[in-house]
Amino acid sequence: MAMGLTMGLNLLLLLAMVAANLLSLYHLSSTLQSKPPPSPPIPDHLIRQLSTIRATINHLTRLQPPPLSSPTAKIPTTTPTTPPDLLLYAHLSPIASSCRDHPHLLHQYMSYTPFSLCPQDSDLAESLILRGCHPLPRRRCFSPTPPHPTSSLPSNPFPTSLPDSNVLWPSPSASSSSSSSCQSFKCLNPKLGFDMAVESKKFLYYKSELDLTISQLLMNAKSSDSILRLGLDIGGGTGTFAARMKERNVTVITTTMNLGAPYSEAAAIRGVVPLHAPLQQRLPVFDGVLDLVRCGHAVNRWIPVVMLEFLLYDVDRVLRGGGFLWLDHFFSKEGDLEKVYKPLIGKLGYKIVKWATANKTDSGMVKNGEVYLTALLQKPKSR
């Protein structure tokens, strides 16, 4: 009898399960047949806030220390933490997406004591900038200054020499490289813009078709019913072009990177403004406000073509109608100039005021298949 009771209970449980499944299927089918009421749209401001929160979380979760160099490397006993000021900055302002690709450098750069002197690590800062981590997130520390600066600075942008005491030179023990151990402008390569006797002669004399003097530049602008008042010198080194234009009451700002030598400090000593900005950065200038943009030796074939295209169109953005683009001694392979760079420049639709090419030779006057291009182009006054 007990066995029969057990079998009866099992049968009842089986029937209950079947009935429950049938009811579930009926409910599901009826739900699918009836159209649910449309859900109200999510407001745009909530979508933007969610995207910001998601991006911030993504930045913080990906800022991890680099992997161990080998399987036998010693596993750290403590879990590395994100520097507190980096976490605080992430809540206040977005961090450049390229920063997360170099967490080791970023953590090292942000590991400082707030409200004290900033570490003297300009090489580390430029390593991050050149990798696209810009603007840098360090904020709450005091910039160190030279211990014994001169009491006055030269009013002439072409002084006989640059004062060494106005530069915070790196400590010789900080790096073993010869450039970092230099403690004076005198031990720097004079060809890089630090010999004022050489710099004082630039942009004044016409030696070949590749040259464009300041007088010729101003004359071209005048003949085109244009005026030069505001300019930008991309990759301007120690600021020689900006200094020369300053003598003509034209304000030119220079973008420069130090890259092992005090280019920015030298430009500032000469009385011109150095912008610490890499070539891949969007120019920190409003649309259509500049009369002239010059691209010097820093802009050449070593820049990837796509990056150069972005740079040229950004130049177009900041130039006013009728403004000028000056490509000064741009060098490339001879074949690439006709096949790649000339069509790229031609996309701008600028008027050609000057277009000159010549063979580029090395220090031994040997041709190496490269050519120079100097071009002065005028943006259309209206589009």
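This is a predicted model: local features need pLDDT of at least 70, side-chain atom pairs count only at pLDDT 80 or more; totals for chains, interfaces and linings use all residues.
Residues are numbered from 1 along each chain as its sequence is written, and side-chain values use heavy atoms, leaving out hydrogens and water. Local features need pLDDT of at least 70 and side-chain atom pairs count only at pLDDT 80 or more, while totals for chains, interfaces and linings use all residues.

**View 1. Arginine 244 meets glutamate 247 in a salt bridge.** A salt bridge here is a side-chain nitrogen of Lys or Arg within 4 Å of a carboxyl oxygen of Asp or Glu, and by this rule the model has 16 salt bridges. In this pair, the N to O distance is 2.9 Å. Arginine 244 is buried at 7% relative accessibility, whereas glutamate 247 is partly exposed at 41%. (Buried means under 20% relative accessible area, exposed over 50%, and partly exposed in between, with a 1.4 Å probe and protein chains only.)

**View 2. Arginine 294 pairs with aspartate 328 in a salt bridge.** Their side chains come to 2.9 Å, N to O. This pair links distant parts of the chain, 34 residues apart: arginine 294 sits in strand 4 (residues 290-295) and aspartate 328 in strand 5 (residues 319-333). Helices (H or I, at least four residues) and strands (E, at least two) are DSSP runs, numbered from the N terminus. Arginine 294 is buried at 8% relative accessibility, and aspartate 328 is buried with a relative accessible area of 8%.

**View 3. Aspartate 316 and lysine 379 form a salt bridge.** Here the N to O distance is 3.8 Å. Aspartate 316 belongs to helix 10 (residues 305-318), and lysine 379 lies 63 residues apart from it, in the segment after strand 7 (367-378). Both aspartate 316 and lysine 379 are buried.

**View 4. Arg229, Asp291 and Arg320 make up one network.** Salt bridges with shared partners join these residues.
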